Amino acid sequence: MTTLQRKESNPIAHLSPEDIEEIGRELDAIRDEFLAIRGEKDAAHIRRMIKIQRRLELASRATLMLSVFPPAWILGTAGLAVAKILENMEIGHNILHGQYDFMRDPKIHSTTWEWDHASPAEQWKHSHNELHHKYTNVVGRDNDLGYGIMRVDEQQRWTKAHLGQPLYNLINALLFEYGIAAYDLELGRNLKTKKRRNNPEFRERLRAVGRKIRKQATKDYLVQPALAIPVGLAVGNPVGAFFGTMAATAVANVVRNLWSHSVIICGHFPKGVETFERTSITGETRGEWYLRQMLGSANISGGKLMHIMTGNLSHQIEHHLFPDLPSSQYAQIAPKIKALFAKYELKYVSGPMIVQVASAWAKVIRLALPNREPAREIDHSIPPRHPAEVGAGV
């Protein structure tokens with residue numbers, strides 16, 4: 001059964017097992033309601049986003065051919081960063097979730113889409129769709145919770161190595177697409193032993209990542225800078241044109257990485273978001289799975305532009321409840337989900353991006369240090385985190 005990490009307060013103590021299953025039935029009804037209206041409006045949305053993104057990227061790369069001139073460098077860099085964010089967040093992430101497979105368009109389908117990212121789409125779909133969404137906020141099983149490199153809960157044993165986790169998190173943010181590729185490969189586990197390092201499946205996956213990174217690097221750091229050389233020759237500065245364009249593309253990639261990292265860390269790490277025990281999915285019911293998504297996710301408040309630039313992961317709660325529904329529906333779904341939270345007296349965690357980012361980073365820093373008080377062991381002296389544990393000897 002779903003079991004929250006044991007702390008002083010229990011946000012679901014007032015719920016009975018019957019309440020939890022009723023929540024599941026109500027959420028299934030909401031899902032069915034929006035599946036029934038899924039259609040051309042959603043298809044038009046993703047096609048429009050793809051058209052806007054491609055035009056913006058093309059215009060930005062064309063502008064960077066003039067990158068030897070500072071205004072063009074700034075404009076081209078900003079435009080390319082936005083284009084890369086749109087491609088990763090609102091387009092790639094959502095298409096790879098299968099949200100638009102209903103269109104049966106072979107060009108916009110989770111089985112054929114390849115994105116502008118270091119991680120090959122197939123590997124990302126496994127680590128994200130099949131693992132993260134299955135083990136949402138389960139400590140030790142969800143790699144998105146701390147990216148496998150950070151302490152994420154007070155009950156985890158603290159070591160001196162955790163003192164560096166703010167730095168680890170910053171480096172991960174700057175190089176986020178490569179960090180995602182690394183834990184898609186489960187490098188920490190697969191490099192431990194010679195047997196795992198030589199595993200044919202792992203080696204093939206490693207080669208696939210290498211091929212993808214080479215392809216991305218060639219496009220961004222060789223082909224694009226080379227296109228600026230003719231303008232550089234015309235003004236007597238071909239070297240400056242080449243390396244200026246290379247730097248512009250690097251900056252755009254870093255901006256995209258920082259933004260993506262900020263959005264993702266806001267989804268599962270701010271104050272008020274719950275974590276779950278490693279064994280929590282054993283015997284988990286449909287209602288309990290829904291409840292874990294509700295308590296283990298957080299939203300970012302903002303306007304339509306914010307929602308688009310986050311790939312609608314500003315509606316992280318709704319996304320985790322219904323990951324295969326089109327992201328364009330989340331804004332309509334959100335009021336119904338918020339009302340359900342209120343009905344069952346649960347906390348709907350949401351806030352402006354700056355507040356959520358600050359909250360997440362505060363948690364990273366706090367957990368880098370030893371606990372102020374000894375961590376509570378999982379024992380019977382603490383009230384159970386799930387009503388069904390009463391009398392179950394758990």
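Helix α5 and helix α16 (residues 353-367) pack with their axes 8 Å apart, at an angle of about 140°. This angle therefore makes α5 oblique to α16. The structure is a predicted model. Two packed helices are described by the angle between their axes and the distance between the axes. The points below concern helix packing and a surface patch.

**Packing of α5 with α16**
- From α5, the residues Gln165, Pro166, Asn169 and Leu170 take part in the contact, and α16 supplies Trp361, Val364, Ile365 and Leu367.
- By class, the contact of α5 with α16 has six nonpolar residues, two polar residues and no charged residues.

**Nonpolar surface patch**
- The most is given by α5, with five residues.

**Packing of α1 with α12**
- Helix α1 (residues 17-37) packs with helix α12 (residues 286-295) at an angle of about 80°, and their axes are 7 Å apart.
- The two helices α1 and α12 are therefore roughly perpendicular to each other.
- On the α1 side, Ile20, Glu21, Ile23, Gly24, Leu27, Asp28 and Arg31 meet Arg286, Gly287, Glu288, Tyr290, Leu291 and Met294 of α12.
- The contact of α1 with α12 is made up, by class, of six nonpolar, two polar and five charged residues.

Methods: Residues numbered from 1 in each chain as written. Predicted model: local features only at pLDDT ≥ 70, side-chain atom pairs only at ≥ 80, totals over all residues. Heavy atoms only, no water. Axes fitted to C-alpha atoms, helices over the stretch in contact; angles between N-to-C directions. Helix = DSSP H or I, 4+ residues; strand = E, 2+ residues; numbered from the N terminus. Parallel < 35°, antiparallel > 145°, perpendicular 65-115°, else oblique. Contact = heavy atoms within 4.5 Å. Nonpolar A, V, L, I, M, F, W, Y, C, P; charged D, E, K, R; others polar.
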